[in-house]
Amino acid sequence: MLLRIQTSVALLATPRAFPQKVSKMRHLLVLKYIEKIARTGSLRSAADELNITPSALNRRILGIEEELGVEIFERHPSGLRPNIAGEILLKHIRDQIADMDRVKSRIADLSGMRAGHINIATTREVVPFFLPALIKRHLMEFPAVTFGVNLYERGEAEASLIDNTNDIAIVFEPIRLAELQIVNSVPQTLYCIMSSEHPLAGQKALKIYECTEYPLLLPKRPEGIRRILDAAASKVGITLEPAVESNSLDLLRLMSQDSEALSFCLAINLRPQLAEDHLVAVPVDLKGISANALISGYLRGRALPVAAARFLESVNKELSLQFS
């Protein structure tokens with residue numbers, strides 16, 4: 001038995017050690033090599049992240065392509081991109097990696113280690129305060145857990161669940177609801193951020209047309225906040241003309257300091273120390289606009305790894321406490 005194990009290990013160390021049937025490729029390290037190249041789009045970048053030489057990594061890929069009888073990457077001057085065969089293989093690889101992560105998480109849970117890796121798909125509204133604080137608290141209780149936090153444009157976060165790139169999604173105004181198993185949905189108030197010396201700073205609430213009298217600092221489309229603002233403006237027959245557009249909510253907020261320019265944010269990313277920056281937040285009256293929700297969930301029909309399921313429970317508990 002010992003000789004058989006040693007022989008298997010030796011075979012796996014060479015490019016020709018892979019069975020002809022892709023369904024039998026169980027060497028997760030090599031599968032991760034392929035997945036890493038697909039993510040980075042570069043053989044050299046993938047090799048650097050994997051701590052191997054580009055030539056060694058290239059031999060692995062060539063060996064796989066030889067056994068499969070087809071190329072799996074298109075070679076371009078700018079890098080590598082999976083072709084149709086490569087996309088099929090990547091789906092298999094990501095399923096295998098997700099299955100192994102789920103098994104590891106369950107084994108760790110049974111053994112009391114409480115370990116596992118959690119990939120989170122999210123949007124800019126969740127990143128500044130809510131998610132970092134929650135992850136830090138979770139790591140204090142479960143120090144063996146690791147996280148991957150991936151930032152997406154509107155509509156892309158929930159789509160990333162389909163191929164198991166991410167385990168859970170925490171997004172504002174998701175588009176692809178068909179694939180999303182919603183666990184929690186909480187309404188979000190939209191706030192106008194302005195200098196504490198601004199002429200509108202003393203108001204209890206603002207109409208959208210009142211904001212247009214001042215320079216507007218707006219998120220780029222298709223951000224959820226921008227969609228809401230555009231919808232509210234359209235309802236009263238006006239068009240928003242931004243003085244500055246950016247996909248950085250922090251930049252827009254800071255540009256409201258010591259000026260008459262107005263920026264916007266949701267309750268979930270309302271900075272606790274606004275007063276320290278000489279800023280105030282005034283709710284925007286969106287009467288007549290459909291409810292806007294922050295949603296947490298996962299891929300419909302998928303059994304989440306234990307670590308991801310546990311963290312999702314923490315997310316839902318915190319959302320309920322803050323916005324119930």
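This is a predicted model: local features need pLDDT of at least 70, side-chain atom pairs count only at pLDDT 80 or more; totals for chains, interfaces and linings use all residues.

Q: Which helix goes with S8 and S9 in a β-α-β unit?
A: Helix H9 (residues 224-235), and the unit is right-handed. Right-handed here means that, with the strands pointing away from the viewer, the path from the first strand over the helix to the second runs clockwise.

Q: Now the sheet of five strands. What is the order?
A: S4-S3-S5-S12-S6, an open sheet with mixed pairing. Strand S4 (145-151) and strand S6 (180-187) are the edges, each pairing on one side only. Neighbouring strands are turned by 20° against each other on average, direction ignored. Axes are lines fitted to C-alpha atoms, for helices over the stretch in contact, and angles run from 0 to 180 degrees between N-to-C directions.

Q: How do S3 and S4 pair, parallel or antiparallel?
A: Parallel, over seven bridges. Gly 116 stands opposite Val 145 in S4. The chain crosses from S3 through H6 to S4, and that β-α-β crossover is right-handed.

Q: And S3 with S5, how many bridges?
A: Three, between strand S3 (residues 116-122) and strand S5 (residues 168-172), again in the parallel sense. Ile 120 stands opposite Ile 168 in S5.

Q: Where does H6 lie?
A: Across S3, S4 and S5, running at about 170° to S4. Contact means heavy atoms within 4.5 Å.
A: H11 also packs on the sheet, touching S3, S4, S5, S6 and strand S12 (293-299). The direction of H11 makes about 20° with that of S6.

Q: What angle do H6 and H11 make?
A: About 130°, for helix H6 (residues 130-141) against helix H11 (residues 306-323), with their axes 11 Å apart. That makes H6 oblique to H11. The cut-offs: under 35 degrees is roughly parallel, over 145 roughly antiparallel, 65 to 115 roughly perpendicular, and the rest oblique.

Q: Which residues meet there?
A: From H6: Phe 130, Leu 131, Leu 134, Ile 135, Arg 137 and His 138. From H11: Arg 310, Phe 311, Ser 314, Val 315, Glu 318, Leu 319 and Gln 322. The contact divides into seven nonpolar, three polar and three charged residues. Ala, Val, Leu, Ile, Met, Phe, Trp, Tyr, Cys and Pro count as nonpolar, Asp, Glu, Lys and Arg as charged, and the others, Gly among them, as polar.

Q: Different spot. How far apart are the axes of H3 and H4?
A: They are 9 Å apart, with helix H3 (residues 43-50) and helix H4 (residues 54-68) packing at about 110°. H3 and H4 are therefore roughly perpendicular to each other. Leu 43, Arg 44, Ala 46, Ala 47 and Leu 50 of H3 touch Pro 54, Leu 57 and Asn 58 of H4. By class, that is six nonpolar, one polar and one charged.

Q: Last one. What is the order in the sheet of three strands?
A: S10-S7-S11, open, with antiparallel pairing. Strand S10 (263-266) and strand S11 (279-283) are the edges. Five bridges join strand S7 (residues 190-195) to S11. Tyr 191 has Pro 283 as its bridge partner in S11.

Notes
Residues are numbered from 1 along each chain as its sequence is written. Side-chain values use heavy atoms; hydrogens and water are left out. Helices (H or I, at least four residues) and strands (E, at least two) are DSSP runs, numbered from the N terminus. Two strands pair if DSSP finds at least two bridges between them.
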